[in-house]
Amino acid sequence: MFKNLSIAMFLAIFSTATVRANDVEVVFSNGDVLVTGDSAANDLEITRLSGSVHQFRGLRGTTINGSTDPVVLPIQDDLRIWMLGGEDFLHLRNVYIRGTSHADLLVEMGRDNDEVRIDSGSIRRKVVISDDRVFRGDDNVYIYNLSAFSVYIETQGSARIGVTYSDISRLMVESGLVGQDFLNISANDIDFMVVDASNENDHLVFIQNNLSGSFVRVNLHQGNDVAQLYGNNLNHADAIFHGGAGTDQVTGQPDWWGIGWLSNVKFWNFEK
């Protein structure tokens with residue numbers, strides 16, 4: 001069939017038969033919205049318009065379903081996102097997922113250096129943001145003003161993670177075993193919190209959180225780590241901050257690093 005075609009004509013035919021790079025597929029399926037990236041670097045913005053209706057818009061050359069036009073869909077149950085390859089940027093604005101079945105936000109960041117931002121939102125059940133466990137990227141995850149029952153963040157390389165001004169019943173952060181991590185958990189209402197940092201030099205900022213009556217476990221593991229604590233309400237919490245192996249320090253206000261002299265709050269393997 002192709003024996004009389006020139007190489008240029010063959011390449012032109014082949015290129016039109018393949019999906020272009022920097023394209024994100026967005027489909028609606030049984031109440032869920034499924035988002036799948038490609039091997040290129042994509043920039044996707046998801047914004048709530050009204051009720052459960054959201055706009056999916058590609059930025060900086062990213063197309064949606066092969067088009068430069070945004071896609072508008074309702075999220076009746078789950079929002080599931082696979083970012084795949086490339087250094088991707090995902091920005092969710094005022095996302096609203098309040099379905100009656102699952103109502104989850106599930107994001108798999110993929111194999112390169114990715115960034116996920118959530119600026120305001122309400123998730124009825126859980127948020128899971130995870131990284132590729134084989135191809136470790138240095139990822140950023142920032143959550144601001146989010147209401148959710150549970151949030152689980154898992155990264156593998158050097159990570160910058162921020163959870164601020166949010167109302168979360170259960171917060172779990174696992175930043176892998178490698179990479180120097182910076183964790184900022186500030187001004188939140190949290191009932192249950194578990195944080196596991198890496199085996200390298202990590203920095204935890206833990207400021208003005210309300211965790212009264214909660215379960216708190218923070219383990220910074222190996223490395224020369226720093227925990228900066230100030231103005232937290234832990235009066236009735238069962239709390240342990242573990243520095244792990246290495247030379248670890250706690251900094252903050254003078255009255256026991258922002259905690260007060262509370263018998264229910266314990267520090268292991270820390271220096272002032």
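Predicted model: local features only at pLDDT ≥ 70, side-chain atom pairs only at ≥ 80, totals over all residues.
1. A search of the whole structure finds 1 cavity of 30 Å³ or more, and the space within the largest cavity comes to about 90 Å³. Its lining is made up of Val24, Val35, Gly37, Asn42, Asp43, Leu44, Ile81, Trp82, Met83, Asp88, Phe89 and Leu90.

2. Strand S3 (residues 43-50) and strand S8 (residues 89-97) run parallel and are joined by 5 bridges. S8 is in turn joined to strand S10 (residues 115-130) by 8 bridges, and these two strands also run parallel. Within S10, Glu115 is the bridge partner of Phe89.

3. The structure holds 3 aromatic pairs, and one of them is formed by Phe192 and Phe215, whose ring centres are 5.1 Å apart with the planes at 15°, so that the pair is stacked. Because Phe192 lies in strand S15 (residues 189-196) and Phe215 in strand S17 (residues 215-219), the pair ties together parts that are 23 residues apart in sequence. Phe215 counts as partly exposed, because its relative accessibility is 29%.

4. Another of the aromatic pairs consists of Phe206 and Phe241, with ring centres 5.7 Å apart and planes at 65°, and the pair is therefore edge-to-face. Since Phe206 belongs to strand S16 (residues 203-207) and Phe241 to strand S19 (residues 238-242), this pair ties together parts that are 35 residues apart in sequence. With a relative accessibility of 0%, Phe206 counts as buried, and Phe241, at 1% relative accessibility, counts as buried as well; the cut-off that applies here is under 20%.

5. Arg170 lies over the face of Phe192, at 4.2 Å from the ring centre, and Phe192 is the residue whose ring is stacked with that of Phe215. The charged end of Arg48, for its part, sits over the ring of Tyr96, 4.2 Å from its centre.

Note on methods
Residues numbered from 1 in each chain as written. Heavy atoms only, no water. Pairing = 2+ DSSP bridges. Helix = DSSP H or I, 4+ residues; strand = E, 2+ residues; numbered from the N terminus. Phe/Tyr/Trp six-rings, centres within 6.5 Å; stacked < 30°, edge-to-face > 60°. Buried < 20%, exposed > 50% of the residue type's maximum accessible area, 1.4 Å probe, protein only. Lys NZ or Arg CZ within 6 Å of the ring centre and 35° of its normal. 1 Å grid on protein atoms, 1.4 Å probe; cavity = no way out; pocket = protein on both sides within 12 Å on 5 of 7 lines; lining within 4 Å. Points joined across faces, edges and corners; volume = space filled by probe spheres on them.
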